[in-house]
Amino acid sequence: MKAEISWLDDPQTFRVNQLPAHSDHRGYATVAEAQNQQSSLVQSLDGAWEFAFAQDPQHRPVGFYQPDFDRADFDRLAVPGHIELAGYGQIQYINTAYPWEGKHYRRPAYSMGADRPEKGMFSTDPQNTVGAYVKHFTLNSELQGQRVSVEFDGVEQAMYLWLNGHFVGYAEDSFSRSEFDLTPYLQDGDNLLAVEVFKHSTAAFLEDQDMFRFSGIFRSVRLVAKPALHVEDLTIRAGVDDAFKTGDLKVKLQLSAADQLAGTVTASLLTADGTTVWTTESPVAANLDLKTTVDAVHLWQHHDPYLYQLQIELRDPLGQLVEVVPYQVGFRRIELKNKIMQLNGHRLIINGVNRHEWDAHRGRAVTAADMAHDMQVFHDNHINAVRTCHYPDQDAWYHLCDQNGIYMMAENNLETHGTWQKMGAVEPSYNVPGSLPQWQLAVLDRAKSNYEMFKNHPAVLFWSLGNESYAGDDIAAMDKFYHDADPTRLTHYEGVCRNRVYADRISDMESMMYDPPRAIEEYLKNDPDKPFVNCEYMHDMGNSIGGMNSYIDLIDKYPMYQGGFIWDYIDQAFWTKDEVTGQPVLRYGGDFDDRHSDYEFSGDGLLFADRTPKPALQEVDYYYGQHD
Amino acid sequence: MANTTKLNVIYGDVTLGLSGPGFHYIFAYDRGGLESLVRYGKEWLYRTPMPAFWRATTDNDRGNGFSTKSAAWLGADMFSTCTSVDVAVDGQAIPLPIAPENNKYSDHETADSVTITFTYTTPTVPATTVTVAYTVDGSGQMTVTAHYNGAASLPELPVFGLRFVMPTRATGFDYQGLSGETYPDRQAGGKPGTYHVAGLPVTPYMVPQECGMHMQNDWVKVTRATTQNNADPDHQPFSLTFAQADQPFAFSCLPYTPEELENATHMEELPLARRTVLTIYGATRGVGGIDSWGADVEPQYHVAGDADHEVKFVIAGVE
C-alpha cells in the first residue's frame with residue numbers, strides 16, 4: 001500500500017493498517033518481570049530522533065523514509081516532545097476559534113454538502129507544518145524472532161509510518177495510542193523507523209480544545225514483542241451483587257499465537273497481600289470467557305481503593321511460561337438508582353477537577369513526577385474526581401487514579417467548538433460531526449480507542465463523549481457505542497444541552513458548564529429526568545473561586561445534585577527566557593506573536609503553571625472536605 | 001487604655017505637629033493629610049495616606065465588565081484631593097490654626113487628645129467625599145476613621161479603605177486573621193490564626209491583578225529594616241502595628257499600588273519593589289468565580305456606591 005497525502009483531507013480516512021485498539025495491559029516474559037513491572041518484551045524508542053522540519057507539505061523532504069535518503073542535514077529532536085517547543089513552528093494558544101482563524105477560510109469537508117469534500121484543504125495548506133522523524137534501532141535480543149509492534153502513545157495530529165522504507169500505516173487522533181505491526185518489515189541488525197507528522201488534517205476540526213496548539217510525537221514510543229502466545233485483549237468486569245457482598249468477576253481474553261494456538265492459560269485472582277482467592281486453568285483459545293465470584297469482596301472506592309491482582313499466565317504445550325499479564329482489579333458498581341448516581345450503593349458526590357496535561361517546561365509531554373505531584377495535590381485537598389479534559393491522558397494516570405481512588409470521567413478526544421459557537425453564540429450551521437455520515441466513523445473510532453484502552457480501570461466511572469461539540473446523530477452513535485460496549489458504566493456529554501432533540505439518546509446525566517447556582521436549582525426543583533453534574537464550574541481564571549458555597553450548598557439540598565469538576569487544575573503557561581532580563585518568566589497565549597489568540601484565558605488553574613498552588617486552593621480544600 | 005501623658009502640640013503654619021516620648025506625627029494642611037509618622041526615630045510614611053477605591057482588575061472583573069462600569073473609581077483612587085481640614089483639641093473644634101490664628105500659641109502647648117480630619121473630594125460625577133479622622137492621645141496611639149459618603153448614581157466600588165505607602169520595602173508582616181489570600185466570598189477555607197509572611201509576596205497570577213487580601217484581622221504588624229534617612233545607619237528591624245478598633249478589618253500589604261499592578265500584563269513588567277503599600281479596607285468586593293466572561297460576583301459581595309462605608313482602626317502608640 002502507498003501512503004496518500006490526500007488522507008489528510010478526508011475525514012473518512014483516519015486509521016490505515018493500525019492494529020485494533022485493545023486494553024492497556026502489558027505482557028511480561030516472567031513472573032518476576034511482572035512483579036517489577038519491567039518487561040523485557042518492551043523496548044523504548046524514547047530519546048533523540050533525527051528530525052527535519054518543513055513549513056508546509058510542499059517543502060517536506062519527500063522520501064526521507066528511504067534507507068538511502070540523504071539525511072545529513074537532519075537535526076536531533078527529543079521524543080517525547082512538541083515540535084514547537086524545540087524552536088520549530090510558532091507556539092500558539094487559542095480557545096474556541098480554529099487556529100487558522102483570520103488566515104484561512106475553511107468549512108469542514110461535507111459540512112456544506114455531500115458534494116463538497118474540500119479536497120486539498122490540508123495537503124496543500126501552506127501553513128501545515130511537517131515533522132520528519134527518523135529513528136534507528138536494533139531489536140533487543142528478547143524481541144528478536146518475535147512478532148513486534150510499535151506503540152505511539154500520542155502523536156499530534158496525523159502521522160504516516162514507514163519501516164525500512166516500507167509504508168506501514170497512518171493514524172490520526174492525537175491522544176490515543178496508535179499501534180502498528182512491524183513484523184513483516186523487520187530485519188536483522190539496524191532498522192529504520194520513519195514518521196511523518198502533519199500538524200493539521202481533518203482531525204484538526206475534531207481537536208479544537210482550549211489549549212496550546214502543538215504538533216509532534218509528544219508521548220512515548222516503544223516496540224513491543226508478542227511472544228508465541230499473547231494476550232491481545234483483556235476485558236475485566238468486576239462487579240458486586242445487590243447486597244454488595246459478593247464480587248462478580250468476568251474475564252474475557254483474546255489470545256493470539258505466532259504459530260498455533262496450543263497450550264494453557266492460567267488465571268488467578270490475588271488479594272492485595274498476595275493471597276490467591278481464585279485460580280483456573282484452561283486450554284488456550286482465540287477467545288476465552290472466565291468467571292468467578294468472590295465472597296466478602298473488598299470493594300474499591302475513593303477512601304479505600306482496594307485492588308486485587310489478576311494474573312494471566314500463558315504456557316506453551318510443553319508447560320513453558322510464555323507470557324504473564326498482571327492487572328489490578330477493583331470491584332465496584334456505578335449505577336443510576338432512582339435517578340441518582342450511586343457508587344457501591346451510596347450516593348456519589350463528585351469533588352472534581354478538570355485536568356489538562358500540563359508541564360510549564362514540556363507542555364503536554366508531562367512526566368511521571370508531574371503526575372505524582374498532581375495525585376498528591378488531589379490527596380491533600382479532598383479532590384476525589386478528575387475529568388480528562390478533553391482527551392485521553394497518558395496511561396499511567398489511569399493506573400494512579402485506580403491506586404488512589406480517584407473517580408475518572410474518561411473523555412475521548414473530541415472538541416469541535418469552533419464549528420458551532422462563534423462569538424459566544426450557538427451557531428451550528430457547519431457543525432461537525434453533527435449528523436454527517438462522513439464524520440461518524442472518525443468519532444466512533446475515537447470512542448472505541450478510549451473504551452478499549454481504559455475499559456479495565458476501576459477508576460473510570462464515566463465515559464465522556466467529548467467536549468463542546470454540539471449534538472447530532474454522530475454523537476448519539478458514540479453514546480450508543482459506549483452503552484453497547486459497556487453496560488457497567490454511565491455516559492456523560494454536556495453538549496446535548498445545546499440541542500435538546502437528542503436528550504433521550506445522549507448522556508446519562510444532565511451536565512452543564514458554568515450555570516449559576518440559581519439556574520441549577522431551578523433544574524433540580526422541577527422533577528428532572530437526570531441527575532445533575534457540573535462538568536465545568538468555578539472558573540479559576542486569575543484570582544477567582546469566590547462564592548463556591550452556593551454550589552456546595554446544593555449537595556445537601558438536592559440528592560440529584562452530584563457535584564462537579566472545577567475548571568481547571570493547572571494554568572497553561574511556559575517558562576520562557578525574558579527577552580529583556582534573560583530571566584525565566586512564565587508566558588501565555590499571545591506572547592509568541594501568535595494571533596489570533598485568547599491570551600491569558602490559558603490560565604484558569606487551581607495551580608499556577610509551575611505547579612505551585614494558587615491561594616484559592618485552600619477554599620477548594622475546605623468545601624471539598626465537607627463532603628469527602 | 002488609660003493615659004495620663006500629655007501630648008505636645010506644635011501649631012505650625014502649614015502643619016500640625018503632635019509628639020510625645022518616642023513618637024512624632026506631622027499633619028500637613030498643604031499636603032492634605034498625615035505627612036509624617038515617626039516612631040522611635042523611624043519614618044513610616046512616604047506620602048500622605050489616601051482613600052483607596054481601586055483594586056487591580058481581576059480576570060473576572062474584566063470578563064464581566066466591572067472595571068469598565070466602575071472606572072470612575074480608578075480616577076478617584078489616583079486623583080482625589082483634600083478639600084478641607086478640621087482640627088479639634090480635647091474634643092473641641094477649633095478654627096484651623098494657621099497664621100494669624102496660631103499666633104496665640106507657644107512652643108510648649110499640650111493636650112490630652114487631638115483630632116484632625118481631612119476631607120477628600122472625589123473626581124467622580126457626581127462627586128462625593130471621604131473623611132479621614134485621626135485622633136491621637138498622649139501615648140501616640142492614633143485612632144483612624146475613614147468614612148465614605150455614599151451618593152446616588154455612583155457606580156459600585158471595587159474597594160474602600162485607606163492606603164499607606166511606606167518609604168521602603170518591608171521585610172515582612174505578621175497578622176492575626178485568616179490563612180492565605182481571602183476575599184469576602186472566598187474566606188471559608190481561611191483558618192484563623194497568627195501568621196508571618198516573609199517579604200511582600202505578590203501572588204503571581206499570569207496577568208498581575210488584585211491579590212494579597214486578608215480578611216477578618218485583629219491586627220497586622222509591618223516590619224521594616226531600612227529607611228530613606230541618610231543619617232540613620234541602623235538596620236535593626238522595626239515594626240508598626242495596626243489593630244482593630246471595634247471590629248476586624250481587611251488589609252493587603254504589597255510592594256505595589258493597584259495602578260502599578262493594573263499596568264502590567266506579566267509579572268516581569270512590574271517595577272522593582274521598593275516600597276510597602278499597606279491598605280486597610282472597610283469594604284471590598286468579592287472575586288466571584290462562576291465564570292470569567294460575564295457572571296457577576298454574587299450580590300451580597302458587592303460594594304454599593306450609594307451607601308456609606310467606613311473603616312476604623314488603631315495605629316499603636318508607644319509603650
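## A walk across two interfaces

Start by selecting both chains: 38 residues of chain A are in contact with 36 residues of chain B, where contact means heavy atoms within 4.5 Å. You are looking at a predicted model, in which local features need pLDDT of at least 70, side-chain atom pairs count only at pLDDT 80 or more, and totals for chains, interfaces and linings use all residues. Residues are numbered from 1 along each chain as its sequence is written, chains are lettered from A in the order in which they are written, and side-chain values use heavy atoms, with hydrogens and water left out.

**Stop one: chain A against chain B**

Now pick Asn543(A), Tyr588(A) and Gln618(A): they supply 26% of the area that chain A buries against chain B, more than any other three residues.

H9(A) gives the most, with five residues. Helices (H or I, at least four residues) and strands (E, at least two) are DSSP runs, numbered from the N terminus.

**Stop two: inside chain A**

Colour chain A by domain: domain 1 (5-224), domain 2 (229-329), domain 3 (351-570 + 605-627) and domain 4 (577-604), with bounds from an automatic or database domain assignment. Keep domains 1 and 4 of chain A in view; the contact takes twelve residues from domain 1 and 13 residues from domain 4. Their centres, taken over C-alpha atoms, are 28 Å apart.

The area buried between domain 1 and domain 4 of chain A is about 920 Å², 56% of it from carbon and sulfur atoms. To finish, select strand S5 (residues 92-94) of chain A, which contributes three residues, the largest share of the domain 1 side that touches domain 4. Across this interface of domains 1 and 4 of chain A, the rule finds zero salt bridges.

Technical notes: Buried area is the accessible area (1.4 Å probe) that two parts lose on being put together, summed over both. A salt bridge is a side-chain nitrogen of Lys or Arg within 4 Å of a carboxyl oxygen of Asp or Glu.
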